[in-house]
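Please look at the sequence and the structure shown here before reading on. The paragraphs below are meant to be followed with both in view.

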Amino acid sequence: MVGIVDLEWIVEDGTVLVIFRRPSIVTDIENVSPNVSPNIPIKSSLNERQRKIKAMICDDYTITVAKIAKTINVTPRTIYRDLKQMGIRWEGHTKTGHWILNKQ
(Lines give C-alpha, C1' and ligand atoms only; values in the text may rest on other atoms or scores of the structure.)
Protein backbone atom coordinates (compact mmCIF):
# COMPACT_ATOMS: atom_id res chain seq x y z
CA MET A 1 0.00 0.00 0.00
CA VAL A 2 1.19 3.49 -0.79
CA GLY A 3 2.17 5.61 2.20
CA ILE A 4 2.13 2.80 4.76
CA VAL A 5 5.41 2.62 6.66
CA ASP A 6 4.82 -0.29 8.97
CA LEU A 7 2.22 -2.97 9.59
CA GLU A 8 1.78 -4.48 13.03
CA TRP A 9 -0.06 -7.79 13.44
CA ILE A 10 -1.48 -8.72 16.83
CA VAL A 11 -3.16 -12.10 17.36
CA GLU A 12 -5.07 -12.61 20.62
CA ASP A 13 -7.58 -15.33 21.42
CA GLY A 14 -8.29 -16.06 17.75
CA THR A 15 -8.72 -12.36 16.88
CA VAL A 16 -6.37 -10.69 14.44
CA LEU A 17 -5.71 -6.97 14.78
CA VAL A 18 -3.76 -5.20 12.03
CA ILE A 19 -2.38 -1.72 12.74
CA PHE A 20 -1.48 0.41 9.72
CA ARG A 21 1.02 3.17 10.42
CA ARG A 22 1.33 6.19 8.14
CA PRO A 23 4.56 8.16 7.74
CA SER A 24 4.80 11.19 10.02
CA ILE A 25 4.20 14.64 8.62
CA VAL A 26 7.36 16.52 7.69
CA THR A 27 7.98 19.41 10.08
CA ASP A 28 11.68 19.97 9.47
CA ILE A 29 12.67 22.53 6.86
CA GLU A 30 15.66 20.35 5.93
CA ASN A 31 13.37 17.46 5.01
CA VAL A 32 11.07 19.50 2.75
CA SER A 33 11.02 18.48 -0.88
CA PRO A 34 13.20 20.65 -3.16
CA ASN A 35 10.16 21.58 -5.30
CA VAL A 36 8.67 23.66 -2.44
CA SER A 37 9.06 27.36 -3.17
CA PRO A 38 11.61 29.07 -0.90
CA ASN A 39 9.31 32.12 -0.76
CA ILE A 40 6.71 30.30 1.31
CA PRO A 41 7.22 31.36 4.94
CA ILE A 42 7.72 28.56 7.43
CA LYS A 43 5.26 28.95 10.29
CA SER A 44 7.00 28.88 13.63
CA SER A 45 5.48 29.28 17.04
CA LEU A 46 8.77 30.57 18.48
CA ASN A 47 9.81 34.21 18.30
CA GLU A 48 13.38 35.31 17.60
CA ARG A 49 14.38 35.47 21.28
CA GLN A 50 12.91 32.02 21.97
CA ARG A 51 14.80 30.55 19.01
CA LYS A 52 18.03 32.01 20.46
CA ILE A 53 17.22 30.54 23.88
CA LYS A 54 16.53 27.12 22.36
CA ALA A 55 19.75 27.24 20.32
CA MET A 56 21.80 28.14 23.41
CA ILE A 57 20.25 25.29 25.40
CA CYS A 58 20.84 22.84 22.54
CA ASP A 59 24.52 23.88 22.53
CA ASP A 60 24.85 23.54 26.32
CA TYR A 61 22.20 21.60 28.26
CA THR A 62 23.61 22.93 31.54
CA ILE A 63 23.69 26.66 30.68
CA THR A 64 22.28 28.92 33.40
CA VAL A 65 19.33 31.28 33.05
CA ALA A 66 21.62 34.11 34.16
CA LYS A 67 24.04 33.39 31.30
CA ILE A 68 21.23 33.15 28.74
CA ALA A 69 19.73 36.43 30.01
CA LYS A 70 23.08 38.23 29.90
CA THR A 71 23.85 36.96 26.38
CA ILE A 72 20.44 37.96 24.98
CA ASN A 73 20.37 41.17 27.07
CA VAL A 74 17.05 40.57 28.86
CA THR A 75 16.10 39.86 32.47
CA PRO A 76 16.18 36.34 33.92
CA ARG A 77 12.42 36.69 34.53
CA THR A 78 11.90 37.07 30.75
CA ILE A 79 13.94 33.90 30.17
CA TYR A 80 11.88 31.97 32.74
CA ARG A 81 8.66 33.18 31.09
CA ASP A 82 9.87 32.09 27.63
CA LEU A 83 11.08 28.72 28.93
CA LYS A 84 7.67 28.07 30.49
CA GLN A 85 5.88 29.04 27.28
CA MET A 86 8.19 26.79 25.24
CA GLY A 87 7.73 23.85 27.61
CA ILE A 88 11.43 23.67 28.48
CA ARG A 89 12.15 22.66 32.05
CA TRP A 90 15.14 22.10 34.32
CA GLU A 91 15.61 18.61 35.71
CA GLY A 92 17.88 17.71 38.59
CA HIS A 93 19.87 19.57 41.17
CA THR A 94 20.59 23.27 40.66
CA LYS A 95 24.31 22.65 40.10
CA THR A 96 24.27 19.27 38.35
CA GLY A 97 20.95 19.22 36.49
CA HIS A 98 20.15 19.89 32.83
CA TRP A 99 17.46 21.29 30.54
CA ILE A 100 14.72 19.05 29.13
CA LEU A 101 13.38 20.14 25.74
CA ASN A 102 9.96 19.08 24.51
CA LYS A 103 9.80 18.10 20.85
CA GLN A 104 8.77 21.18 18.89
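What follows is a guided reading of this structure, which is a predicted model.

In soluble globular proteins, nonpolar side chains tend to be buried together. In this model, the largest nonpolar core comprises 14 residues. Those with the most contacts inside this core are Ile53, Ile57, Ile68, Ile79, Leu83 and Trp99. Of the elements, helix 2 gives the most, with 4 residues.

When residues up to four places away in sequence are not counted, leucine 83 touches Ile53, Ile57, Val65, Ile88 and Trp99. Among these partners, Ile53, Ile57 and Trp99 are also listed with the residues that have the most contacts inside the core.

The charged residues come next. Side chains of opposite charge can pair when their charged atoms come close. A search of the whole structure finds 3 salt bridges.

One of them joins the side chains of arginine 49 and aspartate 82, with an N to O distance of 2.5 Å. Because arginine 49 lies in helix 1 and aspartate 82 in helix 3, this pair ties together parts that are 33 residues apart in sequence. Are the two partners buried or exposed? Arginine 49 counts as partly exposed, at 29% relative accessibility. Aspartate 82, by contrast, counts as buried because its relative accessible area is 4%, and buried means under 20%.

Another salt bridge links the side chains of glutamate 48 and arginine 51, at 3.2 Å from N to O. These two residues are 3 residues apart in helix 1, so about one helical turn separates them. Arginine 51 is partly exposed, with a relative accessible area of 37%.

Glutamate 91 and arginine 89 also form a salt bridge, in which the closest N and O atoms are 3.2 Å apart. Both partners are partly exposed: glutamate 91 has a relative accessible area of 34%, and arginine 89 is at 43% relative accessibility.

The backbone deserves attention at one position. Most residues other than glycine have a negative phi, and most peptide bonds are trans. Asparagine 73, however, has a phi near 70 degrees, which is a positive value in a residue other than glycine. Where does asparagine 73 lie? Its place is in the loop between helix 2 and helix 3. Asparagine 73 counts as exposed, at 69% relative accessibility.

Which residues make a nonpolar surface patch of about 350 Å²? The patch is made by Trp9, Val11 and Val16. Of these, valine 11 lies in strand 1, which covers residues 6-12. Valine 11 counts as exposed because its relative accessible area is 60%, and exposed means over 50%.

Definitions and conventions. Residues are numbered from 1 along each chain as its sequence is written. This is a predicted model: local features need pLDDT of at least 70, side-chain atom pairs count only at pLDDT 80 or more; totals for chains, interfaces and linings use all residues. Side-chain values use heavy atoms; hydrogens and water are left out. Patches are made of residues with over 30% relative accessible area and no salt bridge: like charges are joined within 9 Å, nonpolar side chains (Val, Leu, Ile, Met, Phe, Trp, Tyr) within 5 Å. Accessible areas come from the Shrake-Rupley method with a 1.4 Å probe; for residues, only the protein chains shown count as cover. A salt bridge is a side-chain nitrogen of Lys or Arg within 4 Å of a carboxyl oxygen of Asp or Glu. Buried means under 20% relative accessible area, exposed over 50%, partly exposed in between (1.4 Å probe, protein chains only). A nonpolar core is a set of buried Ala, Val, Leu, Ile, Met, Phe, Trp, Tyr and Cys residues joined through side-chain atoms within 4.5 Å. Contact means heavy atoms within 4.5 Å.
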